[in-house]
Amino acid sequence: AHQIDLMTRRGYRIYERHLDYLGVNYSIAIIMHSDSPHNKKWCLHSLGAGWEWENLIVYYGEKNYRYGCNTLLINGPGVSLSSGWPTREHIVGSVKAGLYFLENIAEASHIILHGSCLGAAIASEAMYTHDFHVWNSTG
């Protein structure tokens, strides 16, 4: 709660929600800054084993804001308020749920997928198996 209060005072909007994917309910944090309410650029973070987004809001929220991105943080299965088990399907499902949210609900124009520790492997597998609908064409 302390990090959410701090970020709110700094002009950020924090939304705590849940995403259901393949029967697992994932706890998520959506972090946006009030001076860019229509920003469609996002960074999805795949966190390390047992890491809770509740402790990382300030670090990732401010870092991504400097890069011009909104932030989506997802607790893995069995972490904090997320259900599920630390199986490969449920762990990779957390990132797939986030990608689905960004493409279909947030209507992201750009997605950066970032993984820390075990989250890097999770992000890699999710990216490899996901059928992306967001494309950044430069030509």
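**A walk from the sheet to the helices**

Let us start with strand 2 (residues 24-33) and strand 4 (residues 70-74), which pair in the antiparallel sense over four bridges. Strands pair here if DSSP finds at least two bridges between them, while helices (H or I, at least four residues) and strands (E, at least two) are DSSP runs numbered from the N terminus. The model is a predicted one, in which local features need pLDDT of at least 70, side-chain atom pairs count only at pLDDT 80 or more, and totals for chains, interfaces and linings use all residues. Residues are numbered from 1 along each chain as its sequence is written, and side-chain values use heavy atoms, with hydrogens and water left out.

Within this strand pair, Ile31 stands opposite Thr71 in strand 4, and Ala29 faces Leu73 of strand 4. On to the next pairing of strand 2: strand 1 joins strand 2 in the antiparallel sense over 10 bridges. Here Tyr15 has Ile30 of strand 2 as its bridge partner. The two strands form a hairpin with two residues between them, and Leu22 in the turn has a positive phi of about 50 degrees. Strand 2 is mostly covered, with nine of its 10 residues buried; buried means under 20% relative accessible area, as against over 50% for exposed and partly exposed in between (1.4 Å probe, protein chains only).

For the angles, axes are lines fitted to C-alpha atoms, for helices over the stretch in contact, and values run from 0 to 180 degrees between N-to-C directions.

What about the interior? The largest nonpolar core has 21 residues, and those with the most contacts inside it are Ile30, Trp42, Leu44, Leu72, Phe101 and Leu102. Such a core is a set of buried Ala, Val, Leu, Ile, Met, Phe, Trp, Tyr and Cys residues joined through side-chain atoms within 4.5 Å. Strand 2, strand 3, strand 4, helix 3 (88-105) and helix 4 each supply at least two residues of this core, and the largest share, seven residues, comes from helix 3. Apart from this core lies another, of 14 residues, among them Ile4, Met7, Tyr12 and Tyr60.

Helix 3 also meets helix 4: their axes come within 9 Å and cross at roughly 65 degrees. Helix 3 is therefore roughly perpendicular to helix 4, a label for angles of 65 to 115 degrees, with under 35 counted as roughly parallel, over 145 as roughly antiparallel and the rest as oblique. The contact (heavy atoms within 4.5 Å) is made by Arg88, Ile91, Val92, Val95, Lys96 and Leu99 of helix 3 and Ile122, Glu125, Ala126 and Thr129 of helix 4.

One last stop is His90, which lies in helix 3. His90 is buried, with a relative accessible area of 16%. Leaving aside its neighbours within four places in sequence, His90 is in contact with Val24, Tyr26, Pro77, Gly84 and Trp85.
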